[in-house]
Each structure stands twice: as structure tokens, then as C-alpha cells.
Amino acid sequence: MLYIVYGSQSALVRSRIKKICQEEVGELDEMNYVRFSYPENSIFEVLDEASYVPLGYDKKVIVYSDFSLLGKVDKKTKESDQYKALLSYLKSPNEQTTLVFSLYEDKIDDKNEIVSLIKDNGTVISRPLPNEIEWKELVARFIKEKAGGASIDRDALIELANRTYCDVDLMRNSAKKLALYTNHITHQDVVLMVERPLEENVFQIFNALLDGKNGVALRIYRDLRVKGVEPVSLVTTLSNQLRTFSMVHYLTKNNYSIKGISEELGINEIRAKILSRQVYNMKENAIKRAFDELYNLDYQIKSGQVDRFYAFELFLANFKVR
């Protein structure tokens, strides 16, 4: 059997692969399960292992992780002996071996010969990011089943979901840490124990700027500065936020729904809703001006022309939406 499992969240991909392995061979051991990683292990190594008959088992599973050749492949690679050998194997795979390819990306290339052959002879599974509701359900289920029997208040669950959105490893680690800290998790516990991701902090700064609350943006930044966050990383993340807002600005004015914006830009619906509400707060010429100012600020900081802390504070203080 042949599989491709892909998605940007490695934890989601790994959990799906684990389920496949258990379905195929049951309990895993060193005789019925082999793991390789691309490009550390060559395609020849994988095909050599795939050709062996499993000892003491009817089947075995081989996982070839981070296999980037499921995306765009250049002409030189296609002409290599390894690539040709893999195509030959995929046309006639060993029936006693389940070969699973994984890729930690949102997309694979449907026109890729490897992908086409696996679609014809096996199964392709996408593990997309969960939406807002699915993510909260996943967090609640993990707290209930895996976090030592701890209970969690509704507002605490929402806060934990927001602070760890679509980062499975971060969510699991944070939930376990909270469960060790207390048997009953409150909103204050989450605020105390779980750091808000940098992108989320910058989103709060950007929202404050769009609302004309420059002082609030400055306070959030100064809290981040105390934690050692560098202005140059904030400039980069803020530029990304502005770019997303610019696209929301365009889509909203072209009558896209909140769900349509969310799907088009790959952002959660709550974020899409917040940004779409603020579209009319900022003029198009102000968006362009902000891009120029961030570009110049980035250059000046990296070239040492300005004091990075003072210059970023000055940018926040002088930010205008008109």
C-alpha cells in the first residue's frame, strides 16, 4: 500500500501516520516499522528496505518523512537514477510493504509523477489546519483525555486556544504545563503560564494602531521589549500583518464574505472578521505610506543608522491611518 500524508502542522501529519501504521500492522516494533528521512536517507535505502520480506510479520510499514520531491521537481532530479528507480517501484510496489511519504507543507504538486502514481495505486491524505471551532474542540478533548484529568473554565479554554492557535505541539506542552500547575485551570492561569505568540502580540499592536490607539500599541511593545523581543523582528511581523490587511482591504471591497476571505488568505475567521471591520479605518494611501515607512525603518535599523528601540517607538507613536 502507498500513502502520501501532508500538511503544514507536523504534529497533525505525525498523528495521522501513526494511525495508518497501527491500522496496517498493529503494535509497532523494529521488525515491522522503519522510519527514514529525506534527504538524510537516500531513495535507494528506502527502496532496498521496501523490497525485503518482513520477518515474522505479514506486513511492515516504512515512513519516509519530509519528502520534498512531492513538490516541484527540477529536470536534473527527474533524470537521476534515484528518481527513476522510485517511479519504477511505485508502478509495482511490494504488496507486503506499506510505504508512507510525508511532507510538512500545505500543498503538493498534483502534476508530479510521484504524486500521480501514488494517487493511482494508493491514497493521498491532506491534514489541513483546523478551523476555529475544530481547534477549540481539539484543545478541549486534549485537556480532558491527556492532561491528567484537569478541568478548565470556558474562558480559559478560549484563551488557551487563541494563544496556541493551530500549533499542536505548543498546545499540548502548554496544556500539560497547566495541568501540572493546577487541577482546575482558570483564565488567569492561562494568562500567567502561556505566552502569547509573537504574531498574536503584533496583531494586537496592529489592531491598536488601526483603532488610533497608538498609546496602547506602545504599551504592548514595551512589554515585549522587557521580554527581549528585538524591534527588527517586530518590523518584519508587522509588515506581514499590514500585507494581510491590505489583501483583506481588497477582498472586502470586492464583496468577499468573511469565510471567503479566511479561505483565500489562510487565516482564521475571527481574524478575518476583525480586519474586515477595520477596512474603512485606513485609507489605501495610508497603507502604502506605512509599507514605505516600515521598509525604510527596516533598512535603517539593519544598517545601524538609528537606535532600533527609539526608532520603532517613534514609528508607533507617529502611525496614522489617514
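**Figure 1. The lining of the second largest pocket, sorted by residue class.** In this predicted model, the lining of the second largest pocket has eight nonpolar, one polar and ten charged residues. Ala, Val, Leu, Ile, Met, Phe, Trp, Tyr, Cys and Pro count as nonpolar, Asp, Glu, Lys and Arg as charged, and the others, Gly among them, as polar. The volume of this pocket is about 620 Å³. It is lined by 19 residues. Ser15, Arg127, Leu138, Arg141 and Arg172 lie nearest its centre. Helix 1 (10-25), helix 6 (132-146) and helix 8 (168-181) each give two or more residues to this lining. Helix 6 gives the most, with seven residues. Helices (H or I, at least four residues) and strands (E, at least two) are DSSP runs, numbered from the N terminus. A pocket is an open set of points on a 1 Å grid over the protein atoms alone, where a 1.4 Å probe fits, with protein on both sides within 12 Å along at least five of seven lines. Lining residues have an atom within 4 Å of a point. Grid points are joined across faces, edges and corners, and a volume is the space filled by probe spheres set on the points.

**Figure 2. The largest pocket.** Rolling a probe the size of a water molecule over the atoms shows where empty space is left. The largest pocket has a volume of about 1,200 Å³. Its lining holds 34 residues, and Leu129, Tyr165, Gly266, Ile267 and Asn268 are the closest to its centre. Two or more lining residues come from each of helix 7 (154-163), helix 10 (198-210), helix 12 (231-253), helix 13 (258-265) and helix 14 (269-277). Sorted by class, the lining has eleven nonpolar, twelve polar and eleven charged residues.

Figure 3. Why is helix 10 largely enclosed by the rest of the structure? Ten of its 13 residues are buried, so the rest of the structure largely encloses it. Buried means under 20% relative accessible area, exposed over 50%, and partly exposed in between (1.4 Å probe, protein chains only). The buried residues are Glu200, Asn201, Val202, Phe203, Ile205, Phe206, Asn207, Ala208, Leu209 and Leu210. The buried residues of helix 10 pack against helix 11 (214-226), helix 12, helix 14 and helix 16 (308-318). Packing is judged by contact, meaning heavy atoms within 4.5 Å. At 1.5 Å a residue, the 13 residues of helix 10 should span 18 Å. Its end C-alpha atoms are 18 Å apart, which agrees. The expected span is 1.5 Å times one less than the number of residues. Gly212 follows helix 10, and its phi is positive, near 75°.

Figure 4. Arg196 lies between helix 9 (187-193) and helix 10. Leaving aside neighbours within four places in sequence, Arg196 is in contact with Glu159, Arg163, Asn201 and Gln204. Asn162 is 34 residues from Arg196 along the chain, yet their C-alpha atoms are separated by 8.5 Å.

**Figure 5. Tyr57, in a loop between a helix and a strand.** Tyr57 lies between helix 2 (43-51) and strand 3 (60-65). Tyr57 is partly exposed, at 30% relative accessible area. Beyond its neighbours within four places in sequence, Tyr57 is in contact with Asp29, Met31 and Asn32. Ile220 is 163 residues from Tyr57 in sequence and 59 Å from it in space, C-alpha to C-alpha.

Figure 6. A cis peptide bond joins Tyr38 and Pro39, with omega about 5°. Pro39 sits in the loop between strand 2 (33-37) and helix 2. Asp66 is not a glycine, although its phi is positive, about 55°. Asp66 is in the loop between strand 3 and helix 3 (75-78). At 35% relative accessibility, Asp66 is partly exposed. Asn255, also a residue other than glycine, has a positive phi near 65°. Asn255 lies in the loop between helix 12 and helix 13. Asn255 is exposed, with a relative accessible area of 72%.

**Notes for the views.** Residues are numbered from 1 along each chain as its sequence is written, and side-chain values use heavy atoms, with hydrogens and water left out. In this predicted model, local features need pLDDT of at least 70 and side-chain atom pairs count only at pLDDT 80 or more, while totals for chains, interfaces and linings use all residues.
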